[in-house]
Amino acid sequence: MIGKRIIPCLDVKNGRVVKGVNFKDVQDMADPVEMAQYYYETGADELVFYDITASFEGRKLFTDVLRAVASVIFIPLTVGGGINSLEDFDTVLKCGADKVSVNSGAIKDPSLIHAAAKRYGSQCVVLSMDVKRVNGQFRVFANGGRIDTGMDALEWAKKGEALGAGEIVLNSIDTDGVRGGFDLPMLRKFGEIVEVPLIASGGAGKKEDFLELFQYDRIDAGLAAGVFHTKKIDIGELKKYLSENGVNIRI
Amino acid sequence: MIAVVDYGVGNLFSLMSSLRYLGLNCIVTNKEEDLLRAEKIILPGVGAFGDAAAKLKESGLWDTVIESAHKKPLLGICLGMQLLFEKSFEHGEYEGLKLISGMVMPLSADIHPSLKVPHMGWNRLEIVKDDPIFKYFENGEWVYYVHSYYAKDCRDGILGISEYDVKVPGLVRSSTGLIYGMQFHPEKSGDAGLRLLKAFSEIE
């Protein structure tokens, strides 16, 4: 049967990995290619790259990085950040991406999900959502979690799935960066209504958090950035630990 | 030299990268003469069967692939593997290259409704019949799949399977000859996938 996945996420700006990078003695690890190589060798099941640059030059550097990574890393690569059109899909897929993640671009124009799924297949389209509780409701936030769209997140997830998203990444703003564990109460709400694979993001702080996450069988993958970048959690050790505790995972 | 058939289906970036990473001499081509002079052929492919079969015919390489397959090792990957079979029932009924016996059928009809389609992600490949293709591969290593249809009634052609409620033929071979098919993506299956490609490159 299909194994659970561990996915490190790399935010890339001007050709370097930023945010959560804290390799004090190993400065070079902020080089995206070396970092990707490190994750590949320690057993990551997939890598996510977010382009967080806005400039044209930054965009060019990002696709250069992507091409370099895809030339030496042979696991699935998902790319997100600034994906607003089919042309954006085309650009990153040609540079070696396997899946493309949409967030604010799909909020602005939901038909992008449908158009991309039709052209590249649902398996290629990932809907990424930044979700936060507001007055007892799960709300979708746009622009990197900065703007409350007022949209109901559960409805958006259902709509995204109906439009053809093949996978949903749920990032809980409430637990993101806190490292106190994944937002299981929130994930359960989505797990009850969503049928496509669900990727949990936000809150991982220790190995046990992943074990707790995968006890809920509706979750397919755990995504994190900082805890992996700082080497607080080593992916090889994490997967060994999960496997020893009964999680079906590639080691 | 390995010729990777380019008939306008899917993206060959990762496959070419993996072959080059292994140090193999390889080219992407849509020319008949390249397939004729190549030592081995890889037939890739993603998308829908009918569309891919039509494009391979349009490229004029349909018959060349069939003829070459009887003379040199051929590897079909993902949809390229499905094309090797007799027929596919993906959104209609389409003729395949008929190089390996079996039919391509929808997974959804045969698996428990709670299981997701496509069958996407990492799954273990269990060896059911030993073969030189497994020279560098250990039983039960993980490979990466993305597909909604699968080969059925392959009879004696199955070398490796993955469990997804049904036994999905992951690695197949024609009963005679050196025609191989991989339903998973070896170019996305980490080191285990690279080792399978390396073994294919050494098949003679």
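**Figure 1. Salt bridge between A:Glu161 and A:Lys158 in the predicted model.** The closest N and O atoms of A:Glu161 and A:Lys158 are 3.2 Å apart. Both residues belong to helix H6 of chain A (residues 153-163), where they are three residues apart, about one turn of the helix. A:Glu161 has a relative accessibility of 15% and therefore counts as buried, the limit being under 20%. A:Lys158, at 34% relative accessibility, counts as partly exposed.

**Figure 2. Salt bridge between A:Glu167 and A:Arg5.** The side chains of A:Glu167 and A:Arg5 meet with an N to O distance of 3.1 Å.

**Figure 3. Salt bridge between B:Lys98 and B:Glu95.** In chain B, the side chains of B:Lys98 and B:Glu95 meet at 2.1 Å, N to O. B:Lys98 has a relative accessible area of 47% and is partly exposed. B:Glu95 is likewise partly exposed, with a relative accessible area of 36%.

**Figure 4. Network of salt bridges in chain A.** Through shared partners, salt bridges join A:Arg5, A:Glu46, A:Lys99 and A:Glu167 into one network. Over all chains of the predicted model, the count comes to 32 salt bridges.

How values were computed
Residues are numbered from 1 along each chain as its sequence is written. Chains are lettered from A and ligands numbered from 1 in the order in which they are written. This is a predicted model: local features need pLDDT of at least 70, side-chain atom pairs count only at pLDDT 80 or more; totals for chains, interfaces and linings use all residues. Side-chain values use heavy atoms; hydrogens and water are left out. A salt bridge is a side-chain nitrogen of Lys or Arg within 4 Å of a carboxyl oxygen of Asp or Glu. Helices (H or I, at least four residues) and strands (E, at least two) are DSSP runs, numbered from the N terminus. Buried means under 20% relative accessible area, exposed over 50%, partly exposed in between (1.4 Å probe, protein chains only).
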